[in-house]
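Hi everyone, thanks for making time. Have the chain up on your screens, and let's walk through it together.

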Amino acid sequence: MDENNQTMVTEFILLGLTGQSEKEEVVFGMFLWMYLVTISGNLLIILAIICDSHLHTPMYFFLANLSSVDISAPSVIVPKALVNHMLGSKSISYTGCMIQIYFFITFSNMDGFLLSVMAYDRYVAICHPLHYTMMMRPRLCVLLVAISWAITNLHALLHTLLMVRLTFCSHNAVHHFFCDPYPILKLSCSDIFINDLMVFTVGGLVFLTPFTCIIVSYAYIFSRVLKLKSAHGIRKALSTCGSHLTVVSLFYGAILGIYMHPSSTYSIQDTVATVIFTVVTPMVNPFIYSLRNRDIKGALRKIILRS
C-alpha cells in the first residue's frame, strides 16, 4: 500500500439508505415519525403493565422488558441519523461507531432471548397450567432476564473487541445509516477471517439457542393443543400465542436474511432488511400486542380514562 492508503481512520461517513440528498429528506421524515411512534407505543405498554396490578404476571413482565429493549435498540441508531441530517453532517467518530456496534449487537440479541423466554412462558402456561405459578416464580423470571442480559453483553463485547483490533485505512464511507458490523467489516484493510468465523460460530450459537427454544416450545404447545377436543379451548390456547408468533416471524425473518452469510456479500437488500428489524419491528410490536390482547387494551383504556 502507498502512504495515503495507510492513513488511519478516525471517523466514518454514513451515506444513508439512498446516498441521494433529495431522497434522504423523505427518509428523515419517515425515520422521525417511526421513532416517535416506537417510543410512545412502547412507553404506553410499559405504563399499562406497571399501573394495572392484573398485569403483574410473568408474561407481562417479559413483555415490559421487550418494550424496554424496543425503545433502547432504535435509540442507539435513529437519533444519531436524525441529528446528522439536521446538521448536514454524515460523520460519526470511530469511538462512537464502536459504541454503536456494541449496543446494536446487545439489544438485537436481547430481543431474541426475550422472545425465547416468552415462548417458554407460553409453553408452561398451556402445557402445565396447574404448575404455572410454581414453575414461573418471580425469582426465576428475574434470573432468566438477568442471564439473557449477561450473555448478550458478553457476546457484544467479543465482537466489538474483534472489530477494534482491525485496521481501517483510507476508505471510510459506509453505505448505511448506522454502523452495522457487516458494512464496517467490508471497509477493513485487515484480515477479517476471525471476525467472520466468530459471526458463524459464536454468533450462530447465540442466534440459534433462543431460536431453537422457541421452536421446541411451540412444538410442545401445538402437540398439546391438537389433543384438545374443544374448539373453544384450542382458540383460547392459541390466542395468547398469535401476537408472539407474529413478532417472532418479523424479527427472525429479517435476521436470517441479513447475517447468515459472509460479510463480503452484504447488499442493498440486506440494508432494507436491517431497517425492518431495527426500526419497523420495534414500532409495530406495541400494536401487535395491544390490538390482539384484551388485557393490554383494557389497561390502556383505563390510563386514557384517568387522564
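So, what share of the 307 residues in the protein chain is buried? Buried residues make up 50% of them, where buried means under 20% relative accessible area with a 1.4 Å probe, protein chains only.

Quick housekeeping. This is a predicted model, where local features need pLDDT of at least 70, side-chain atom pairs count only at pLDDT 80 or more, and totals for chains, interfaces and linings use all residues. Residues are numbered from 1 along each chain as its sequence is written, and side-chain values use heavy atoms, with hydrogens and water left out.

Now the parts: the protein chain has ten helices and three strands. These are DSSP runs numbered from the N terminus, helices being H or I with at least four residues and strands E with at least two.

The three strands make an open, mixed sheet in the order β2-β1-β3; strands pair if DSSP finds at least two bridges between them. β2 (91–93) and β3 (173–174) sit at the edges with a single partner strand each, so one side of each has no neighbour in the sheet. Strand β1 (residues 11–14) runs parallel to β3, joined by two bridges, and L14 stands opposite V174 in β3.

What about the helices? UniProt's unreviewed entry annotates "transmembrane region" at several stretches, including 26–48 and 99–120; such annotations may be inferred rather than shown by experiment. In the model, residues 26–48 are 100% helix, with end C-alpha atoms 33 Å apart. Residues 99–120 are also 100% helix, and there the ends are 32 Å apart.
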